Amino acid sequence: KSGLSLMEILQRWSHQPPRYQKLHPLELLLVTIPDVFPPSNTKVEAHGYFLKWKQFSRDVFTDSGDELDELLKRGVRNAKFFLHPDKLPKDLTENQTLVFTTMWDVIAEQEAATLKSN
């Protein structure tokens, strides 16, 4: 990861190889959020706010059908609460802001594509 730019790290988190044009499934996005945060991502500065993220277990989204939809809805709700622009600290750097806004946008886009509205 160290040879990649911040934008490349975000693209690899959000989109599937080899051409990085299709978004990863919502469940993969949710469980890999910490991969984009420091210390895993050295291209973004550390901030205490990153430590407040409650990581999802890698096997939490193993159900299917309605059960999976409910788990995903709960996961998205948690992620959007954490990533919401109004909830973010005011002292973020440009890179930290880019991480949070990109993740917010990607999760919202994939949520719309994946989950049926209530």
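Lys73 is buried (under 20% relative accessible area, with exposed over 50% and partly exposed in between, using a 1.4 Å probe on protein chains only), as its relative accessible area is 16%. This is a predicted model, where local features need pLDDT of at least 70, side-chain atom pairs count only at pLDDT 80 or more, and totals for chains, interfaces and linings use all residues. Residues are numbered from 1 along each chain as its sequence is written, and side-chain values use heavy atoms, leaving out hydrogens and water.

Helix H3 covers residues 65–83 and reaches 26 Å from its first C-alpha to its last, close to the 27 Å expected at 1.5 Å a residue; the expected span is 1.5 Å times one less than the number of residues. Helices here are DSSP runs (H or I, at least four residues), numbered from the N terminus. Buried residues of H3 include Leu68, Leu72 and Phe82, and their cover includes helix H2 (26–31) and helix H4 (94–114).

Now for the charged pairs. A salt bridge is a side-chain nitrogen of Lys or Arg within 4 Å of a carboxyl oxygen of Asp or Glu, and the count comes to 3.

| Salt bridge | N to O distance |
|---|---|
| Lys73 and Glu70 | 3.9 Å |
| Arg58 and Asp35 | 3.7 Å |
| Lys80 and Glu111 | 2.9 Å |

Lys80 in helix H3 and Glu111 in helix H4 link distant parts of the chain, 31 residues apart. Lys73 and Glu70 are separated by about one helical turn, because they sit 3 residues apart in H3. Glu70 is partly exposed at 42% relative accessibility, while Arg58 is exposed at 52%.

Definitions and conventions:
Helices (H or I, at least four residues) and strands (E, at least two) are DSSP runs, numbered from the N terminus. Contact means heavy atoms within 4.5 Å.
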